[in-house]
Amino acid sequence: MSERYPLIRLNRRGDERGALVVAETGRECPFPVRRAYWVFGTPAGEKRGFHAHRKTRQFAVCVAGACSMLMDDGKAAETIRLDAPENAIVIEPEVWHEMAEFSPDCVLLVLADAPYDEADYIRSREEFDRLFKK
Ligand code: TYD
């Protein structure tokens, strides 16, 4: 488990009816949620992300299937495998992230603390390196 980009372990509440996992603001999710989106139907070999946010915080979990999340804060890059609905990760602002190795059944749910705003994105790796590379 990464110390720099730790997984958040979510409890599975299971009984004979099946499984249920919760992400609640102030408990599993550290910020008030303003937006949710989900990524699915990603073709084999496709990669996504390739940006950092200036202010937005996000909470990501593969509610089905698996994908890999490369995280880079400008000091150290690590790749985290999200492969269970009980494993979430917080993508802090100013962290470059890239998603890859999506399983065909992957549904990546992302919760965010702010509405969508293209001005919050740093999509240029050169700009990110200029600002944050150590
Ligand atoms: P994009 O940021 O390129 O996805 P990813 O980071 O996963 O590679 O977003 C794809 C498209 O969806 C782009 O046209 C912007 C739009 N979009 C919204 O309108 N609202 C949102 O909340 C998000 C995340 C994306």
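In the predicted model, an oxygen atom of the ligand lies 3.1 Å from an N or O atom in the side chain of Arg-123. For Arg-48, the distance between a ligand oxygen atom and a side-chain N or O atom is 2.9 Å. For His-51, the corresponding distance is 3.5 Å. Taken alone, the ligand exposes 540 Å². The protein buries 59% of that area.

The shell around the ligand can be described residue by residue. Arg-35, Tyr-37, Arg-48, Gly-49 and His-51 belong to it, together with Met-99, Tyr-116, Tyr-121 and Arg-123. By class, four of these residues are nonpolar, two are polar and three are charged. Which elements give two or more residues to this shell? They are β4, residues 35-40, and β5, residues 48-53. The largest share comes from β5, with three residues.

β4 belongs to an open sheet of five strands. The strand order is β1-β9-β6-β11-β4, and the pairing is antiparallel. β1 (residues 7-9) and β4 are the edge strands, and each pairs on one side only. On average, neighbouring strands of this sheet are turned by 30° against each other, with direction ignored.

The pairings within this sheet can be followed strand by strand. β4 pairs with β11, residues 107-112, over six bridges in the antiparallel sense. Here Ala-36 stands opposite Leu-111 of β11. β11 is also joined to β6 by six bridges, and these two strands run antiparallel. In that pairing, Ala-64 stands opposite Val-107 of β11. β6 spans residues 58-64, and β9 spans residues 87-91. Four bridges join β6 and β9, again with the strands antiparallel. Val-61 has Ala-88 of β9 as its bridge partner. What kind of bonds hold such strands together? In general, the strands of a sheet pair through backbone hydrogen bonds, either parallel or antiparallel.

β5 belongs to another open sheet of five strands. Its order is β8-β7-β10-β5-β12, with antiparallel pairing. Which strands stand at the edges of this sheet? They are β8, residues 77-82, and β12, residues 121-122. Each has a single partner strand, so one side of each is left without a neighbour in the sheet. Further inside the order, β7 and β10 pair in the antiparallel sense. β7 covers residues 67-72, and five bridges link it to β10. Met-71 stands opposite His-97 of β10 in this pairing.

A hairpin is formed by β2 and β3, with two residues between them. β2 covers residues 12-15, and β3 covers residues 18-21. The two strands run antiparallel and are joined by four bridges. Arg-13 has Leu-20 of β3 as its bridge partner.

Aromatic rings provide another kind of contact. The count comes to three aromatic pairs. One of them involves Trp-96 and Phe-128, whose ring centres are 5.6 Å apart. Their planes stand at 50°, so the pair is tilted. Trp-96 lies in strand β10, residues 96-100, whereas Phe-128 lies in helix α1, residues 125-132. The pair therefore ties together parts that are 32 residues apart in sequence.

Definitions and conventions. Residues numbered from 1 in each chain as written. Predicted model: local features only at pLDDT ≥ 70, side-chain atom pairs only at ≥ 80, totals over all residues. Heavy atoms only, no water. Near = heavy atom within 4 Å. Polar contact = N/O pair within 3.5 Å; in protein donor to acceptor, adjacent residues only side chain to side chain. Areas by Shrake-Rupley, 256 points an atom, 1.4 Å probe, with all protein chains shown as cover. Nonpolar A, V, L, I, M, F, W, Y, C, P; charged D, E, K, R; others polar. Pairing = 2+ DSSP bridges. Axes fitted to C-alpha atoms, helices over the stretch in contact; angles between N-to-C directions. Phe/Tyr/Trp six-rings, centres within 6.5 Å; stacked < 30°, edge-to-face > 60°.
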